[in-house]
Amino acid sequence: MKLPPPPTLPLLLSFFLVTTTLFTTSLALTPRTFLQLQSSAASTNYLTDKPLWFRQTLDHYSPYDHRKFDQRYYELLDYFRPSDGPIFLKICGESACNGISNDYLTVLAKKFGAAVVSLEHRYYGKSSPFKSHSTENLKYLSSKQALFDLAAFRQYYQASESLNLKLNKTKGENLWFVFGVSYPGALSAWFRLKFPHLTCGSLASSAVVEAVFNYTEFDQQIGESAGPECKAALQETNRLVEQRLAANGKAVRRLFGASQLDIDGDFMYFLADAAVIAFQYGNPDRLCSPLVQAKNSGEDLVEAYAKYVKEYYLGTFGVDVETYNQKHLKNTAVADGSSDRLWWFQVCTEVAYFQVAPANDSMRSSIVDTKYHLDLCKNVFGEGIYPEVDATNLYYGGKKIKGSKIVFTNGSQDPWRHASKQTSSPDMPSYIVSCHNCGHGTDLRGCPQVPSSPGGNAQNCSNPDAVQKVRQQIVEHIDLWLSECQDTDV
């Protein structure tokens with residue numbers, strides 16, 4: 001159900017309200033940003049894809065605006081122990097949420113006799129409040145609103161849906177635990193921070209809790225993860241592409257299958273991301289082996305990289321070049337490709353994560369700088385759009401988050417780990433899963449992270465024991481924190 005026109009009462013929200021959203025372990029992020037990769041390689045191995053619907057409040061901060069919209073969610077009760085089983089809330093993130101995927105959370109649900117519920121993020125997929133994603137209509141797309149969505153849904157589901165109602169319970173509540181990977185991993189941590197009475201704890205996998213304006217550490221990690229030989233080959237390839245772009249831009253764009261990217265920054269961002277995903281999602285050899293071989297044998301590095309981009313990034317991985325086209329990002333239609341515009345709005349108003357080229361030893365073109373990002377925000381969304389990074393970190397705490405009963409996990413090769421909490425503090429343990437192909441969300445997704453393995457199988461990780469050790473820690477924390485919740489109202 002779509003919403004009627006907005007009321008005339010003032011509904012302006014600060015840009016800071018355009019922040020967090022929900023988590024998903026299905027890789028659903030737009031590659032040009034980071035977290036949940038939208039690609040044909042993302043998992044479609046759903047344990048359930050039957051949609052259910054919840055009437056959600058549009059503006060949790062207005063006493064005057066009573067509009068609601070339909071928000072999609074899913075439930076999995078296959079492993080649920082009705083007498084005392086917990087509820088695992090799996091947060092969906094910045095893309096369509098098409099079901100509950102089969103990852104390591106499935107193993108955890110079996111172990112704890114848990115039900116799994118998963119709520120689609122507002123605006124994404126089938127949960128858009130409006131028929132148009134104009135900049136004006138996006139003002140309710142924020143982390144604060146999304147966290148309240150989770151809280152409202154949790155209360156609804158406990159009280160009137162499959163739990164108390166279906167189980168014929170008249171009082172008492174099940175124990176809840178929240179899970180999230182990537183940006184939804186941050187939401188998982190923030191949900192525990194802001195609503196500690198509604199969950200016994202949270203798993204914040206690859207959780208980017210620190211908003212970053214110029215995220216130069218991202219590029220630096222790519223160089224470290226690549227290793228000396230692959231790093232040198234990538235840097236040389238980048239220089240050669242820049243030279244050819246200046247000499248004959250149309251020809252080099254055509255070579256990479258990206259003729260529609262008229263803006264040089266868009267094209268070079270596309271090429272940078274094509275390399276990033278190999279390390280971020282646990283497939284480093286798919287990129288490095290052919291590139292290093294080409295360099296050592298004196299072959300054309302640009303041709304070798306173009307072959308990788310077309311065969312793997314656009315082919316096997318299934319990325320759409322239009323994701324990088326600012327003309328596409330300006331499209332306000334509510335459609336399958338809307339996630340690109342929606343996530344960029346959140347980037348441009350709250351968290352930034354601008355993946356700019358470092359001043360020295362960069363892995364990407366210097367064209368991809370701060371000005372490029374700010375120009376994109378202005379071109380796509382209009383005047384007055386600016387990421388309120390300081391306000392975001394002030395509100396949530398960034399890496400200095402002062403929460404409790406939150407497990408942070410990160411993969412050693414993941415460029416996003418530098419925006420996460422990588423040091424343990426009281427009641428908030430942090431673990432690094434270290435191996436050659438341990439990337440984004442390895443603890444829940446296994447290796448590679450795309451395509452994902454059923455049950456998050458870790459046998460294809462270069463060091464399966466490292467993954468299993470962290471998973472055992474996760475199990476122990478969940479068990480402890482659920483037991484400590486037994487005598488509370490949560």
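## Close-up views of a predicted model

View 1. At 1.5 Å a residue, the twelve residues of helix 3 (residues 183-194) should span 16 Å, and its end C-alpha atoms do sit 16 Å apart, which agrees. The expected span here is 1.5 Å times one less than the number of residues in the helix. Helices (H or I, at least four residues) and strands (E, at least two) are DSSP runs, numbered from the N terminus. Ten of the twelve residues of helix 3 are buried, so the rest of the structure largely encloses this helix. The buried ones are Y183, P184, G185, A186, L187, S188, A189, W190, F191 and R192. "Buried" means under 20% relative accessible area, "exposed" means over 50%, and "partly exposed" is in between (1.4 Å probe, protein chains only).

**A word on the model before moving on.** This is a predicted model, with residues numbered from 1 along each chain as its sequence is written. Local features need pLDDT of at least 70 and side-chain atom pairs count only at pLDDT 80 or more, while totals for chains, interfaces and linings use all residues; side-chain values use heavy atoms, with hydrogens and water left out. The protein chain averages a pLDDT (the predictor's confidence in each residue, from 0 to 100) of 90, and 88% of the residues score at least 70. Over residues 1-30, though, the pLDDT is below 50; that stretch still has 147 contacts in the model beyond near neighbours in sequence. A contact means heavy atoms within 4.5 Å.

View 2. Strands count as paired if DSSP finds at least two bridges between them. Strand 4 (residues 87-90) and strand 7 (residues 176-181) pair in the parallel sense over four bridges, and F88 stands opposite F177 in strand 7.

**View 3. Strand 11, covered on both faces.** Six of the six residues of strand 11 are buried. I406, F408 and N410 are on one side, V407, T409 and G411 on the other, and both faces are covered. In a regular strand the side chains alternate between the two faces of the sheet. Strand 8 runs parallel to strand 11, joined by four bridges, with S205 opposite T409. Strand 11 also pairs with strand 12 in the parallel sense over four bridges, and there the bridge partner of N410 is I432.

**View 4. Y305 and the nonpolar cores.** The largest nonpolar core has 112 residues, and L234, F256, F267, F270 and Y305 have the most contacts inside it. Such a core is a set of buried Ala, Val, Leu, Ile, Met, Phe, Trp, Tyr and Cys residues joined through side-chain atoms within 4.5 Å. Helix 6 (residues 264-280) gives the largest share of this core, eleven residues. Not counting residues up to four places away in sequence, Y305 touches L234, T237, F256, L271, A274, A275, L287 and L291. A second, separate core of 36 residues includes A109, C200, C435 and L482.

View 5. Most residues other than glycine have a negative phi, and most peptide bonds are trans. The peptide bond from C447 to P448 is cis, with omega near -15°, and V450 and P451 are also joined by a cis bond, with omega about -10°. P448 lies in the loop between helix 13 (442-445) and helix 14, and P451 is found in the loop between helix 13 and helix 14 too. S206, in the loop between strand 8 and strand 9 (212-214), has a positive phi of about 45° although it is not a glycine; S206 is buried, at 1% relative accessible area.
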